[in-house]
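This report concerns a nonpolar surface patch and the pairing of aromatic rings. The sequence and structure are shown first.

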Amino acid sequence: MPAAAASPAPWRGQGVRVMILGLSLAAFTVIHVLISLVAIGAGIVVLGGMFRAHRLDRWTALFLIFTLLTSLTGFLFPIKGFTPALGTGLVSTAILLVALGALYGGHLLGPWRPIYVVCAVTALYLNVLVLIVQSFQKVPPLHVLAPTGSEAPFLVAQAIALVVAAAAGILAVRRFHPERFAAA
């Protein structure tokens, strides 16, 4: 066994420079965050389109690709053991695969339409949830409000995100009927 493989967590301040896809950990993190923010922004646009029964094919492709990239790049971070972040990434990836199947395989016909909507809104919610978690961990004023992640401000932010996502999902399932819009 090589010496580097035997040492525990070499990326934690032991002088080893971690590279991911040829980038420093800091540079890779910035790219991952930017991908996530593009995914969230595109997801909000797509959700708005759903409310108006518009497919917004280019925005949808951008949302799905960048949301999938968010999950996939998240798996590349040097994490030891199973974490909530890995679990969220696995769930998000599975949900996105179903959404892609419903949209491009099922063509939103029959049950595929609500399946797609629920999967897309859930994927957006998971991205926002991770944004909330990371914000409370990394943004000093928020971290002061919830240093352990179990304080009221953190829990309220999560609850608000869940309620907004659930309400948006219900509204989107009711309103997103692009076949009606195309036939008109």
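Buried means under 20% relative accessible area, exposed over 50%, and partly exposed in between, with a 1.4 Å probe and protein chains only.

## Basis of the model

The model is predicted: local features need pLDDT of at least 70, side-chain atom pairs count only at pLDDT 80 or more, and totals for chains, interfaces and linings use all residues. Residues are numbered from 1 along each chain as its sequence is written, and side-chain values use heavy atoms, with hydrogens and water left out.

## Aromatic pairs

Three aromatic pairs are present in the structure. Rings of Phe, Tyr and Trp (its six-membered ring) pair if their centres lie within 6.5 Å; planes under 30 degrees apart count as stacked, over 60 as edge-to-face and the rest as tilted. One of the pairs is F28 with F77, edge-to-face at 5.0 Å centre to centre and 65 degrees between the planes. F28 lies in helix α2 and F77 in the loop between α3 (57-74) and α4 (84-105), 49 residues apart. F28 counts as buried because its relative accessibility is 3%; F77 is also buried, at 18%.

The pair of Y116 and F176 is tilted, because the ring centres are 6.2 Å apart and the planes stand at 45 degrees. Y116 belongs to helix α5 (residues 112-138) and F176 to the loop between α7 (152-175) and α8 (178-183), so this pair ties together parts 60 residues apart in sequence. Y116 and F176 are both buried.

## Nonpolar surface patch

V30, V33, L34, L37 and L131 make a nonpolar surface patch of about 410 Å². Helix α2 (residues 25-51) gives the most to this patch, with four residues. V30 is found in helix α2 and counts as partly exposed because its relative accessibility is 48%.

Note on methods:
Patches are made of residues with over 30% relative accessible area and no salt bridge: like charges are joined within 9 Å, nonpolar side chains (Val, Leu, Ile, Met, Phe, Trp, Tyr) within 5 Å. Accessible areas come from the Shrake-Rupley method with a 1.4 Å probe; for residues, only the protein chains shown count as cover. A salt bridge is a side-chain nitrogen of Lys or Arg within 4 Å of a carboxyl oxygen of Asp or Glu. Helices (H or I, at least four residues) and strands (E, at least two) are DSSP runs, numbered from the N terminus.
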